[in-house]
Amino acid sequence: MFLSAKKSFLFTLPSLVFYGLFVVFPVFYGVYLSFTDIGSFIQKLNFIGFQNYLTIFAEGRFQNSFRITIIYVTITAVLINVIALFIAVLLDNTRSRYLNSVVRVFVYLPAILTPILIGFIWYYIYKLGIPALFSLVGLKSLSRIRFLSPSFALSSVIMTTCWLNIGVAMLIYIAGLLSVDPNMIDAGSIDGANSWQKLVRIKLPLITHAFIINFVNTLVFAFKQFDQIWSMTKGGPASTTETLPLYIYLVAFQNAQIGRASAAAYILFSIILVVSLVIIVSLNRRAVRA
Amino acid sequence: MKHFRLGKVATSVFLVLVALLFFLPIYLTILNSFKSMPEMTRPFYSFPERLALENFRLVAEGTQIAHAFLMSLIVVVISLGGILFNSCLASYAIARNNSLFNRVLYIVLVAGLMMPFTVIMIPLMKLLGMLKIANKYGLVLVYFGLGISFPIFLLTNFIKGSVPLELEESAYLDGAGNVRIFIAIVLPLLKPALATVITLTAVWLFNDFLLPSLLLSSKEFTIPVSQSQLAGMFLQQWNQMLAGFTIIFVPLLAFFLSLQRYFVRGVTEGALKG
């Protein structure tokens, strides 16, 4: 190896310093804070062990937030992947290049727009746009639904998250489908497989890799999501859209209970790591090595 | 055969509808940003009778959107510089020296992609407070670390896969030092990967909201922070709010459309190589 250990270390040094100081250190410092009774930012702190964890586990607000996070993350991940795969398969069967690139651009577009502003736009779309659309097509009863009321707010937030992230998943599925060796498909045709069988028996098993990435990606994306939910609902009404990132923010800055917020943050991070690892390991085992 | 054709047409029509559906919210944003106050009571989808350009003037004057834009640009450019410097050097070392230390470092760096910012938000704010840099300088310095995960992930794989080691070895035998090899041989070959990294990172930096909202004072607000604050105030005059959004989205869309292929490459390559 012509890059010696010493030189290699020097090359990584700037990254080590900044990443170590501003990312790795805060993670461990956060763990420490979660074991203290710190309230506001300036307060002195005492070590109290697992007290914060026990408190939030017993607290209705955290339980509610935990439940909402799981619902939100699961439904968005499933919806995004189903819809993205559906669009990708249709595009894969379309020979028109023009149509292909137009659809790809339009579906991916939301992913580059500012999420915090997207939330405000969708707030008006749910408040005015969708009811107006329903009355336009004559569905008066549906136009009276209040999409941001407690019973519908979570579904509305989920739909917007899907709109934001379907494009990314779609691009990855398209790339996966394109990478399937055409010889495999031809072999299938010779054996008399119809297009549905070719899709389900040949193509989809060969893109397991894309499934793994997309499932991890969409789950992480949903677990992380703060901006869009914050600007759409601020966690409300009545905490029905308060996922864990919003819970952490609100408990830390509105309620000044930093110790508890830190405990919740650490729980959130642990869930993400465990879920991602489980998906990667379990799907990898089933992956077809082509 | 006829049935087959019909299916194709139906698929194409369906795909066009999907594309339009995805674009609808953006179209509505632009459409409604041209409506005057009295017209806001008319249906959401109706065309404005005349283009209320004063919305744009009011927003531009009242909210110093140009200033926020400038702040955003400064933050993006400086942060991007630091991120590129850090990540190019580190990626090269990780790709070319497969020590245990570097392998662990790589995993720790890539794990950062899975970490919600809210997880480190509180300890980071406390840390920046202690270092007395809970301000715009701290913001940029934090990005130097927070933003390197994706670039290092992409660049390391790119160097391993597409930069031929033989070139570097022969330069090494000719007596070139590691730094010189890196600058003269590796960096020029990194261009396609760097284009991808720059576009995706720039958009992420531009759109980021939570960290700047916690660190910047109101005179230094970047676009997402200033516009979201205004959106809270403009609840009744959403035509003006949407005018502000239109002003921001148009350059973003132009940026995206002109550099489309780098976005696509970044999303798919980053993903499929992992």
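A residue is termed buried if 20 or more other C-beta atoms lie within 10 Å of its own, exposed if 12 or fewer do, and partly exposed in between, with C-beta atoms placed from the backbone. The model is predicted: local features need pLDDT of at least 70 and side-chain atom pairs pLDDT 80 or more, while totals for chains, interfaces and linings use all residues. Residues are numbered from 1 along each chain as its sequence is written, and chains are lettered from A and ligands numbered from 1 in the order in which they are written.

Val17(A) has 13 other C-beta atoms within 10 Å and is therefore partly exposed. Val17(A) belongs to helix 1 (residues 5-34) of chain A; helices (H or I, at least four residues) and strands (E, at least two) are DSSP runs, numbered from the N terminus.

Contact between the chains, defined by C-beta atoms placed from the backbone lying within 7 Å, involves 79 residues from chain A and 73 residues from chain B. Helix 1 of chain A supplies the largest share of the chain A side, 19 residues.

Chain B contains 14 helices and 0 strands. Its radius of gyration, taken over C-alpha atoms, is well over the value from the globule rule (2.2 Å times the number of residues to the power 0.38), so chain B is more spread out than a compact globule.

| Property of chain B | Value |
|---|---|
| Radius of gyration | 24 Å |
| C-alpha span along principal axes | about 75 × 70 × 30 Å |

Buried residues form 46% of the 274 residues in chain B. In helix 12 (residues 223-233) of chain B, 8 of the 11 residues are buried, so this helix is largely enclosed by the rest of the structure. Among them are Ile223(B), Gln227(B) and Ala231(B).

Terms used
Two residues are in contact if their C-beta atoms, placed from the backbone, lie within 7 Å.
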